Amino acid sequence: MDQGNNTRVTEFVLHGLSGSQELQHFYFALFTFFYLSILLGNLLLVLTIISEPALHTPMYFLLSNLSFIDVCLSSFATPKMIVDFLVERKTISFEGCMAQTFFQHVFGGGEMMLLVAMAYDRYVAICRPLHYAAIMSVRKCTGLVVGCWAIGVLHSVSQLVFTVNLPFCGPNKVDSFFCDLPLVIRLACTDTYVLQILMVSDSGLMAVSSFVLLLISYVVILVTVRRRSSAGMAKARATLTAHVIVVTLFFGPCIFIYGWPFGNFPADKVLSVFYTIFTPLLNPLIYALRNKEVLSAMRKLKSRQVSS
């Protein structure tokens, strides 16, 4: 901390996932494996979609963007968390903390909107198949992706613009492995009740409304498939069940943490692992690697690399 007439926090101390020294090396190996798997799975999926002309469709265009944003979402805090497993005192500068908060909400908000866009794409493909090509044009898909990133940036700025100007004069200990906004603003040397209300109105409402929209779209798709084909019902139910599981793993912790940020629950930092690590790890498996078209394209990509 800087000393003077006023004391200002220049760094924050992160508690990490666990205070147990015996578990640090185990966590280091485990999360290094998870992070490398996230990078490999998602970047391989992006490369496959780019290199295979048959996958140049709106669905796979959105999917490749989901994989890219998953890489970003897992990278804003995970590399530092992995390094921190090897050090006793885990610190982050004030500027680094604000940067983590900014990128967390850019990527998190962008992914929420992108999942909604993907659900809209599936809704149009199944419920309005004759108009699909006209509705999901290249221009429309590009606009959806740009809109998702723009909403993510605006959402993040709206969170950070109030936080960065708060007076932080101590304490400076954050009970998490990264600068999670609800935990950081509680350290401010002022009443943050109004700011927490704004957080609920912004992050909490955004997470809840997106989650509800996704569930409604899945229900509509299931009803439509059931009316048209009983044979396709089992496949659609299995696919959407997997999607609901991943979406719940992503939105559930976000809603719990940001929908009611007034409490301080030890489980918050564990829940944060779900949307920063587990969801990016599972998305390629759920959305792509169970898909015959993607697997076929990956085999073609591998054969081209071998032949060259």
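**Ground rules.** I count residues from 1 along each chain as its sequence is written. Because the model is predicted, I take local features only at pLDDT of at least 70 and side-chain atom pairs only at pLDDT 80 or more, while totals for chains, interfaces and linings use all residues, and side-chain values rest on heavy atoms, with hydrogens and water left out.

**Entry on Lys90.** I looked up Lys90 and found it in the loop between helix H3 (78-84) and strand E2 (91-93), where helices (H or I, at least four residues) and strands (E, at least two) are DSSP runs numbered from the N terminus. Is Lys90 buried or exposed? Its relative accessibility is 6%, so Lys90 counts as buried (buried is under 20% relative accessible area, exposed over 50%, partly exposed in between, with a 1.4 Å probe and protein chains only).

Setting aside neighbours within four places in sequence, I listed its contacts (heavy atoms within 4.5 Å), among them Phe12, His15, Gln24 and Asp84. The Lys90 side chain reaches the backbone oxygen of Asp84 at 3.5 Å, and a polar atom of that side chain lies 3.2 Å from the backbone oxygen of Val87.

**Entry on the rings.** I then turned to aromatic pairs, meaning rings of Phe, Tyr and Trp (its six-membered ring) with centres within 6.5 Å, called stacked if the planes are under 30 degrees apart, edge-to-face if over 60 and tilted otherwise. By this rule I noted 20 aromatic pairs. For Phe26 and Tyr27 the centres are 5.9 Å apart and the planes stand at 45 degrees, so this pair is tilted. Tyr27, at 19% relative accessibility, counts as buried. Ring pairs also link Phe26 and Tyr27 into a cluster whose members include Phe31, Phe85 and Phe278.

Key. A polar contact is a pair of N or O atoms within 3.5 Å; within protein, one must be able to donate a hydrogen and the other to accept it, and residues adjacent in sequence count only if both atoms are side-chain atoms.
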